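Below is a short briefing on one protein chain. Please look over the sequence and the structure before reading the points that follow.

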Amino acid sequence: MVLRFLSTHFQQAFRKPHAPNFGLLFDIDGVIVRGREVLPSSKEAISLLTDQNTGKFKVPCVFVTNAGNALRSAKAEQLSNWLGVPVSQDQVVMSHSPLKLFKQFHNKTVLVSGQGPVLQIAKNLGFTKVVTIENLKSTFPMLDMVDHTRRRREPGKYEKFFPKIEAIVLFGEPVRWETNLQLILDLLLTNGKPDTAPEYIPYPHIPLLACNMDLMWMAEACMPRFGHGCFLHCLEGLYHKITGRHIQYTALIGKPSEITYHHAEYVINQHAESLGLETPLHRLYAIGDNPETDIYGANLYNRYLRDKRFPTSRKQKMSQGKGGSGIMLSRGNGDGDPLYVLEDDCEVLDCADSIESILVLTGVYDKSRDYKQQGGDKHIFNHNHRDFTVDEDLKMPTFTVKNVLEAVKLVYEEEQFYS
């Protein structure tokens, strides 16, 4: 035992440090924090990834969250305060971040729904003609009738001048669900102009782009809380009940969508370059607390990398579109349907060899409430979004560890990285 210890100590003492050719993708809620409370292991985990002299990252790291109610800059500032190290907005991928690639919508009149500075978020992503739920409600005051105390009997003065909504962008769960559900349905049922009752219900409806499909997320409460996936589930159910048809999403963005992981890979390679490291990074590690999104999404993207759909070249262009050229990543629904063609100057990268998923036990996942067990009997839960295939293999992490500190230590061990 003593000889083994001395041998290991000797090897580590004389092992030459090497530059990392790997990177880490961190989820935030349930991994770094619970609500606004920093988890005990988080600061020590991040300290292992930073230079103790400069306080800057020495290993490429990006924070990939399904939150969509803040600007990247605000989330980066929040992370910096929580972790005690400088985190740049260029290290943050919000659920809505890939929307900057959907340039075909940037000059259309879009309605945005969610919380926080949604108008500023939309404009920062490139949208130029943005309408909020508040704008719509004030112009069409008679549409919002669930709350009796806010009912108006007179129509708005400017209804006929209101521009037709050409697309709807859902950033995250709103505060007043009944108002947003009603007004979004009104737009879908009237082809974007809710000033007159339609003679028929248009189908397909106007484009709908949704970010963040998390059914639940972990805050300070002892049990998971409703996420934007719950709001989408309500919207889908109401639309189907009213029309007899299914809502069609133009794009589903955020984890577990492959486009989010492609964008995150592009971002982390940029971070690696800023650290003076060679790119592309050959292996990524995705650390999350939710098997339905963090693990499913990482494994789905790993399947894409493994399959090497275009083996003639590793340089791959990301697009989601009907027609046109470029790579078309599916949204996990099994039919491979592409969505929309992205512009020619979309993000291009040499892809990693693999991405490994690491599940931590500090968030949504609880073994006592495992999706495979209910009341002592085997029962398969499916908390994924409707349009993602139920594939139990994709929910299985490569590794399971207690917390984010153990995850970082595991990555270092796997990579034999000693600095």
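In which crossing does H6 pass H7, left-handed or right-handed? Helix H6 passes H7 in a right-handed crossing; a crossing is right-handed if the near helix is turned clockwise from the far one by less than a right angle, and left-handed if anticlockwise. This is a predicted model, in which local features need pLDDT of at least 70 and side-chain atom pairs count only at pLDDT 80 or more, while totals for chains, interfaces and linings use all residues. Residues are numbered from 1 along each chain as its sequence is written, and side-chain values use heavy atoms, with hydrogens and water left out.

**Overall content**

- The protein chain has 10 helices and 20 strands; these are DSSP runs numbered from the N terminus, with helices (H or I) of at least four residues and strands (E) of at least two.
- Of the 419 residues in the protein chain, 53% are buried (buried means under 20% relative accessible area, exposed over 50%, partly exposed in between, with a 1.4 Å probe and protein chains only).
- Among contacts in the protein chain with a separation of 6 or more, 73% are between residues 24 or more positions apart (contact means heavy atoms within 4.5 Å).

**Helices H6 and H7**

- H6 (residues 177-189) packs on H7 (residues 228-243) at about 45 degrees, with the axes 10 Å apart; axes are lines fitted to C-alpha atoms, for helices over the stretch in contact, and angles run from 0 to 180 degrees between N-to-C directions.
- H6 and H7 are therefore oblique to each other (under 35 degrees counts as roughly parallel, over 145 as roughly antiparallel, 65 to 115 as roughly perpendicular, and the rest as oblique).
- The residues making the contact include Trp177, Ile184 and Leu188 of H6 and Phe231, Leu235 and Tyr239 of H7.
- By class, the contact of H6 with H7 has 13 nonpolar, 2 polar and no charged residues; Ala, Val, Leu, Ile, Met, Phe, Trp, Tyr, Cys and Pro count as nonpolar, Asp, Glu, Lys and Arg as charged, and the others, Gly among them, as polar.

**The open sheet**

- Six strands form an open sheet with parallel pairing, in the order S5-S4-S1-S13-S17-S20 (two strands pair if DSSP finds at least two bridges between them).
- S5 (92-93) and S20 (399-401) stand at the edges, each with a single partner strand, so one side of each has no neighbour in the sheet.
- S13 (residues 283-288) and S17 (residues 354-360) run parallel and are joined by 6 bridges; Ala286 has Ser357 in S17 as its bridge partner.
- Helix H10 (residues 404-415) lies across S1 (22-26), S13, S17 and S20, and runs at about 165 degrees to S1.

**Pro204**

- Pro204 is in the loop between H6 and strand S9 (208-211), and is exposed, with a relative accessible area of 54%.
- Pro204 and Leu189 are 15 residues apart in sequence and 10.0 Å apart in space, C-alpha to C-alpha.
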